[in-house]
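Open the structure in your viewer and keep the selection tool at hand. We will go stop by stop.

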Amino acid sequence: MPPTSKAPITILAIESSCDETSCAISRDGQILSNIIAGQAIHEQYGGVVPELASRAHIQHIVPVVDGALKKAGCLITELTAIAFTQSPGLIGSLLVGSEFAKSLALALDIPLLAVHHMQAHVLANLIPNYSAPAPDVPPGNRPLPSFPFLCLTVSGGHTQIVLCRTPLQMEVIGETLDDAAGEAFDKSAKLLGLPYPGGPLIDKHARGGDSARFSFPEPQIPGLNFSFSGIKTAILYFLQDQTASDPDFIRANLADICASIQGRIITILLNKLKKAARQTGVKDLCIAGGVSANSGLRTAFRELGTVEGWNTFIPPFEYCTDNAAMIAITGHYKYLNGDFAPLSVSASARAVW
Ligand code: KG4
Ligand code: ZN
């Protein structure tokens, strides 16, 4: 049953699906705090090591939750419900957040809200405010998309085009058949000798580069699905060829190589999004997920929106990569819908959408 009380809805949300431990507090859908602790330990291994991630979550979770409550100026007794990422993600990491959330809900005797990480990325677009100063958006509340909207969700593990009819009614209408867009960035960066996670570094180097200098293929995948494994292989062979005759090729051409890789990933993404918008007739378009922090994608998305007559929406940077604010906003809508989880709910590495 949906709640009927007029008391404020104050939600404590926890995100721990991969290598960020995050806690956010929301009140009536506004974010009061969003604390994120990263895990530098994985850099030396060139990728996230699941066991190390779980241990780091255990170390971070209490100070992160405490920090979020303090920053929000919120007492634990003021909380209305606890939201947490239930799936998908690394099982050990999810378990730390889910068991913590369940214990808190049990101890406070308040409802529990189980959130799907990918749906939360989409709903980051419904967060009306931001908790930290963001250079890419004007101050004050931001304009929000109207329903139905389309969201291109691009993260380290997923690439999806989602048709969002209401906050809790979503349909995946296109997705990757192999690698995710974030993986394409990270694997390309690895081939270039850049440290993990390479996506932000490709973004940085691409800023001074010429995206037309090198050409990588655009896969011809039917419908609204994506494929990124071909581009990774094309880059591998290209770099093998070039470095065979010039061992200094990567260092000497890094900006142009990064700009060309990034440019191709962006055209693959946006050509499918354009197709989805034309097929559905939807005019409010969003992007979300870690790769939506990419400066080239943000600019190209806005430019395409102007040409196609879309209303375009991009979350502030702090809500693009993994964060608990998006779990809080999703929890808020679940609370309004009376969509509570039992204490017997368990975390799941894979999730059926
Ligand atoms: O959503 P997210 O934080 O975690 C997952 O749910 O996977 O996405 C992480 C992905 C990584 O692949 C990372 O390299 C990529 O987002 N990423 C970027 C940028 N910032 C993060 N890729 C390209 N440009 C960026 N600026
Ligand atoms: Zn994510």
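Predicted model: local features only at pLDDT ≥ 70, side-chain atom pairs only at ≥ 80, totals over all residues.

**Stop 1: the zinc ion**

Select ligand 2, the zinc ion. Which residues coordinate the zinc ion? They are His117 and His121, each through NE2, and Asp322 through OD. The distances run from 2.0 to 2.1 Å. Along the sequence, the donors follow the spacing H-x3-H-x200-D. Now pick out His121 and Asp322: this pair links distant parts of the chain, 201 residues apart. His121 sits in helix α3, residues 117-123. Asp322 sits in the loop between β10 (311-313) and α9 (325-336). Are His121 and Asp322 buried or exposed? Both are buried.

**Stop 2: ligand 1**

Zoom in on Gly290, where a polar backbone atom is 3.0 Å from an oxygen atom of ligand 1. Then try Gly182. One of its backbone N or O atoms lies 3.3 Å from an oxygen atom of ligand 1.

**Stop 3: helix α9**

Color the buried residues: 10 of the 12 are buried, so α9 is largely enclosed by the rest of the structure. Among them are Met326, Ile329, His332 and Tyr335. Show what covers these buried residues, and you will find β1, β2, β3, β4 (81-87), β5 (112-116) and α3 included. After the helix comes Gly338, with a positive phi near 70°.

**Stop 4: Ala124**

Select Ala124, in the loop between α3 and β6 (149-154). Its relative accessibility is 0%, so Ala124 counts as buried. Leaving aside neighbours within four places in sequence, Ala124 is in contact with Arg142, Pro315, Tyr319, Met326 and Ile329. Two of those names, Met326 and Ile329, are also buried residues of α9.

**Stop 5: helix α1**

Jump to α1, residues 50-72. The helix has 23 residues and reaches 31 Å from its first C-alpha to its last, close to the 33 Å expected. Where is the kink in α1? Look at His60, shortly before the proline Pro63, for a bend of about 40°. Buried residues of α1 include Leu52, His57, Ile61, Val65 and Leu69. The buried residues of α1 pack against β1 (10-15), β2 (21-27), β3 (30-37) and α2 (91-108). Just past the helix, Gly73 takes a positive phi of about 65°.

**Stop 6: Thr159**

Finish at Thr159 in strand β7, residues 159-166. Thr159 counts as buried because its relative accessibility is 1%, and the cut-off is under 20%. Show its side chain: a polar atom there lies 2.7 Å from the backbone nitrogen of Ala181. Contacts of Thr159 beyond four places in sequence include Val154, Glu175, Phe226, Phe228 and Leu269.

Definitions and conventions
Residues numbered from 1 in each chain as written. Chains lettered and ligands numbered in written order. Heavy atoms only, no water. Donors = N, O, S within 2.8 Å, 3.2 Å for Na, K, Ca; no water. Helix = DSSP H or I, 4+ residues; strand = E, 2+ residues; numbered from the N terminus. Buried < 20%, exposed > 50% of the residue type's maximum accessible area, 1.4 Å probe, protein only. Polar contact = N/O pair within 3.5 Å; in protein donor to acceptor, adjacent residues only side chain to side chain. Contact = heavy atoms within 4.5 Å. Expected span 1.5 Å × (residues − 1). Bend = angle between axes of the 7 residues up to and from the residue.
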